[in-house]
Structure formats: structure tokens, C-alpha cells
Amino acid sequence: MYLFHFDQKQKETFLSLALALIESNGIIDKEEITQIHLMKNEMQIKSDYEIKRLDNLDSIVDVFHSSKSKMICLMELIGLSYIDGAFCQKEKDFIEIICNKLSIPLEKIEIADEWVNRILSETSKGYEIINS
């Protein structure tokens, strides 16, 4: 939704974080893979782009400098975590680590999570209207 705001390095790093997030619970769902492809498309990254694994999460500090880019990263990762139907504890733990690395106050997770849930609810209502 907001990924187009990222510069190229942020886009690539975000995809690495997204891959690490979906792997964090040990189960990679096909909806998660589909969502990553949609995210690539939104960021105008070729579908065959191979996502690089991050060797060290400390490197993200040098990529996401502004509070805007940090919050976009947080909100988009939380949104991705719901794609398989649940924001599980391992995903929450991973996002807390990201927040700590980026110096995002942990209360921002709750704010972003509430926002994502409202968006998902409204999207669901939209599909109900379309399909009725």
C-alpha cells in the first residue's frame, strides 16, 4: 500500500525482511508467497528478482532512516503477517526485534496492528458488498 515510497535499497531490504518474517514461524503459506509477489509488483521490482537473505538485522538501521520509512516498514510487515490468517507469536517476536533495531517504540506496534486490522475489516466488507 505504501511501499512505493521506498527507495531501491529500502525496497530490496524490505523484501528481505518480508521473507524472514514469513519464515519466522517455520511455515511458508502460498498466500504469503503470493503477497510477496504482489509487493514486488507494487515496488516495480521484477517478479524474478531473487530476494537476498539478511546476514545481520543490524544492517537495516542504515537503510530505514526516517520515521516515515520505519513506519511503512512496520505497517507493511504487520499486514503481511495476517495474510495466512493469523499474526502468530513468532511473527510478533520478529517484528519486535525489527522495532528494537529501528528504534521504533513498541507501542507503535499496537497502533499499526489496530490500523491493519481496520483496513482488513473494511476490505472484507468491501468484498461482501461486491459479492452480494
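**Exercise 1.** Determine whether E42 is buried, exposed or partly exposed.

*Solution.* The relative accessible area of E42 is 28%. Buried means under 20%, exposed over 50%, and partly exposed in between (1.4 Å probe, protein chains only). E42 is therefore partly exposed.

The structure is a predicted model, in which local features need pLDDT of at least 70, side-chain atom pairs count only at pLDDT 80 or more, and totals for chains, interfaces and linings use all residues. Residues are numbered from 1 along each chain as its sequence is written, and side-chain values use heavy atoms, with hydrogens and water left out.

**Exercise 2.** State which residues E42 touches, not counting residues up to four places away in sequence.

*Solution.* Contact means heavy atoms within 4.5 Å. Under that exclusion, E42 touches M1, Y2, L3 and F4.

**Exercise 3.** Describe the aromatic pair formed by F6 and F14.

*Solution.* Rings of Phe, Tyr and Trp (its six-membered ring) pair if their centres lie within 6.5 Å; planes under 30 degrees apart count as stacked, over 60 as edge-to-face and the rest as tilted. By this rule the count comes to four aromatic pairs. For F6 and F14, the centres are 5.8 Å apart and the planes form an angle of 45°, so the pair is tilted. Both F6 and F14 are buried. Ring pairs also link F6, F14 and F64 into a cluster.
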